Amino acid sequence: MDDTCAVCADILNWVAYGPCGHNEVCSTCVARCRFISHDRCCSICKTPSNIVFATKDLGQYTKRIGDFSVLPSDVEEGRVGNYWYHADTQAFFDDLDHYKMIKSMCELSCSVCYRMEDQPIDKFRRKEKFKDIQELKDHLFHKHNLFMCSTCLEGRKAFICEQRMYTRAQLTRHINRGDEEVDGTEIDRGGFMGHPMCEFCSISFYGESEHLHTYVH
Ligand SMILES: [Zn+2]
Ligand SMILES: [Zn+2]
Ligand SMILES: [Zn+2]
Ligand SMILES: [Zn+2]
Ligand SMILES: [Zn+2]
């Protein structure tokens, strides 16, 4: 049986781990935790790690770093000896393509344009990067007439490329009760019924934060 990630339950392909050695979490989940949630703790034992090592999951043959102090400190983005260092997640990679993949997930770019770039005709076009979310939102609206949900952007711990994009009608449906086309069927949505809205100030909330907000009134 294939190993699965202890956090997202996807098949383990690449893992990342710190000095505690827990290598059962996929590198995407580790990067999401470190980059999006600013949480440098191991998801299994909660030990904080200043650096992690990302490598291919090979079950019991997965490459082990026994002593993290052998990894160079004070390094800059890019190639370091046999590894590649990614500053945003403080991670060393032993595979260039995988390093590039995680690096690009942490960048603010338009996933609609990025998908089009996979097609050979656009091969030479440079991937556009945005300086902030607002710039990306403006681009999505002007170029593709698409929207991201602001409530999800704040509350959903996901990479920008994992955030969903909606047409205006889909976004309205998403906020009110979840959108079949983008969010998936009721089963896929796992109980998502739209964002709860405060009746006093018409702000919508991402799950939990709603309960805290009621104290405002
Ligand atoms: Zn995972
Ligand atoms: Zn651990
Ligand atoms: Zn675009
Ligand atoms: Zn949302
Ligand atoms: Zn309110």
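This is a predicted model: local features need pLDDT of at least 70, side-chain atom pairs count only at pLDDT 80 or more; totals for chains, interfaces and linings use all residues.
Modeller: Local features need pLDDT of at least 70 and side-chain atom pairs 80 or more, while totals for chains, interfaces and linings use all residues. Residues count from 1 along each chain as written, chains are lettered from A and ligands numbered from 1 in written order, and side-chain values use heavy atoms, without hydrogens and water.

Colleague: What makes domain 1 and domain 2 separate units here?

Modeller: The domain assignment, automatic or from a database, gives domain 1 as 14–105 and domain 2 as 111–216. Their C-alpha centres lie 28 Å apart. Contact means heavy atoms within 4.5 Å. It takes 8 residues from domain 1 and 7 residues from domain 2.

Colleague: How do you know what area domain 1 and domain 2 bury between them?

Modeller: Buried area is the accessible area (1.4 Å probe) that two parts lose on being put together, summed over both. Here that is about 710 Å², with 64% on carbon and sulfur atoms. In domain 1, Arg32, Ile36 and Met105 lose the most, together 68% of what that side buries.

Colleague: Why is the meeting of Arg32 and Glu162 called a salt bridge?

Modeller: The rule wants a side-chain nitrogen of Lys or Arg within 4 Å of a carboxyl oxygen of Asp or Glu. Arg32 and Glu162 meet at 2.8 Å, N to O, so the pair qualifies.

Colleague: Which element gives the most to the side of domain 1 that touches domain 2?

Modeller: α1, with 5 residues.

Conventions:
Helices (H or I, at least four residues) and strands (E, at least two) are DSSP runs, numbered from the N terminus.
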